Amino acid sequence: MASLQHSALKVRESVSLSVPTDRFASLSVPTDRFPRTDGRPRRTLSLTRKYEVAALLPDLTITHRSHVAPATPLFEDATCAFARGTLIRTARGPVAVEDLLPGAYLDTPRGAQPVMWIGSGTFVPGTADDVTSLTSLTRITQDAFGIARPEGELLVGPAAHMVVRRDKFTRLIGRDSVLAPVRDYTDGDRIFEVTPGGAVQLYHLMLPHHSTIRVGNVEMESYHPGKGVVAKMGPNTRALFLSLFPNLESLEDFGDLAMPRTTREVIDSLTLG
């Protein structure tokens with residue numbers, strides 16, 4: 001463990017040649033949204049977004065890369081779970097998510113696991129597009145789920161999923177817990193949607209094996225794109241998406257989900273009926 005963490009301090013910088021150098025250009029509005037000079041309408045393209053990734057490579061070096069990709073849930077969900085300042089429980093204690101490096105060990109139900117990949121994107125208020133999911137964030141107040149759950153306020157993005165436990169699950173699905181989107185549990189009181197007035201940096205974390213991590217003392221999932229999503233990708237999208245993960249040879253390397261994902265609607269229909 002110690003040798004892995006020591007080796008992970010060797011950092012190699014690599015930046016995609018197609019990426020603008022302006023670090024604040026997190027969103028790009030295609031120029032073809034403006035009228036053509038010949039009077040014909042231009043084809044409207046989707047918004048693109050700048051994504052930052054850091055990955056632990058097989059030789060135990062860390063690579064940092066920037067990518068420009070579509071502002072769609074497929075790409076946004078890989079980077080937009082936990083806001084800057086969120087405390088993540090590591091083997092050495094809580095650490096702010098922006099201070100984590102690949103190679104750091106996190107506490108999980110499967111034991112300590114090293115962070116293999118960190119993705120980051122930026123929430124920009126007032127962004128309107130038909131496909132983006134990043135239109136608001138979710139604020140969780142202190143003790144929203146019980147005493148010290150969370151220990152302080154949390155701000156999360158649409159990719160944040162938390163563990164939901166119900167006694168009936170064991171009889172229905174053979175296990176007592178599932179994963180559900182945090183935003184499904186907004187109640188306007190303890191958990192509610194917010195639109196910050198300025199940009200907010202967001203992060204997500206990938207482990208060698210999909211699991212749950214402690215985020216402000218709330219169990220939330222590490223990153224995994226989901227089996228169904230991967231199967232539906234076309235070859236071009238698949239190649240672009242895989243380029244965000246230099247630590248993987250194929251998307252099948254994500255492995256299996258640690259527990260089922262569902263929605264609050266399904267949970268309520270199973271447990272309240």
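Predicted model: local features only at pLDDT ≥ 70, side-chain atom pairs only at ≥ 80, totals over all residues.
Residues are numbered from 1 along each chain as its sequence is written, and side-chain values use heavy atoms, with hydrogens and water left out.

The protein chain has 273 residues, and 47% of them count as buried (under 20% relative accessible area, with exposed over 50% and partly exposed in between; 1.4 Å probe, protein chains only). Its secondary structure comes to 6 helices and 18 strands, where helices (H or I, at least four residues) and strands (E, at least two) are DSSP runs numbered from the N terminus. Among contacts with a separation of 6 or more, 64% join residues 24 or more positions apart; a contact means heavy atoms within 4.5 Å. The accessible surface is about 13,700 Å², and carbon and sulfur atoms hold 53% of that area (Shrake-Rupley method, 1.4 Å probe; for residues, only the protein chains shown count as cover).

Strand E16 spans residues 200-206, and because 6 of its 7 residues are buried, E16 is largely enclosed by the rest of the structure. Strand E10 (residues 117-123) pairs with E16 in the antiparallel sense over 7 bridges; two strands pair if DSSP finds at least two bridges between them. Within E16, His204 stands opposite Gly119. Strand E5 (residues 82-83) also pairs with E16 in the antiparallel sense, over 2 bridges, and Ala83 has Leu202 of E16 as its bridge partner.

The structure holds 1 cavity of 30 Å³ or more. On a 1 Å grid over the protein atoms alone, a cavity is a set of points where a 1.4 Å probe fits but cannot get out, and lining residues have an atom within 4 Å of a point. Grid points are joined across faces, edges and corners, and a volume is the space filled by probe spheres set on the points. The volume of the largest cavity is about 30 Å³. Its lining is made up of Met206, Leu207, Pro208, His209, His210, Tyr223, His224 and Phe254. These residues divide into 5 nonpolar, 3 polar and no charged (Ala, Val, Leu, Ile, Met, Phe, Trp, Tyr, Cys and Pro count as nonpolar, Asp, Glu, Lys and Arg as charged, and the others, Gly among them, as polar).

From Leu207 the C-alpha to C-alpha distance to Tyr105 is 9.3 Å, although the two are 102 residues apart in sequence. Tyr105 lies in strand E8 (residues 105-106) and counts as buried because its relative accessibility is 11%.

Notes:
1 Å grid on protein atoms, 1.4 Å probe; cavity = no way out; pocket = protein on both sides within 12 Å on 5 of 7 lines; lining within 4 Å.
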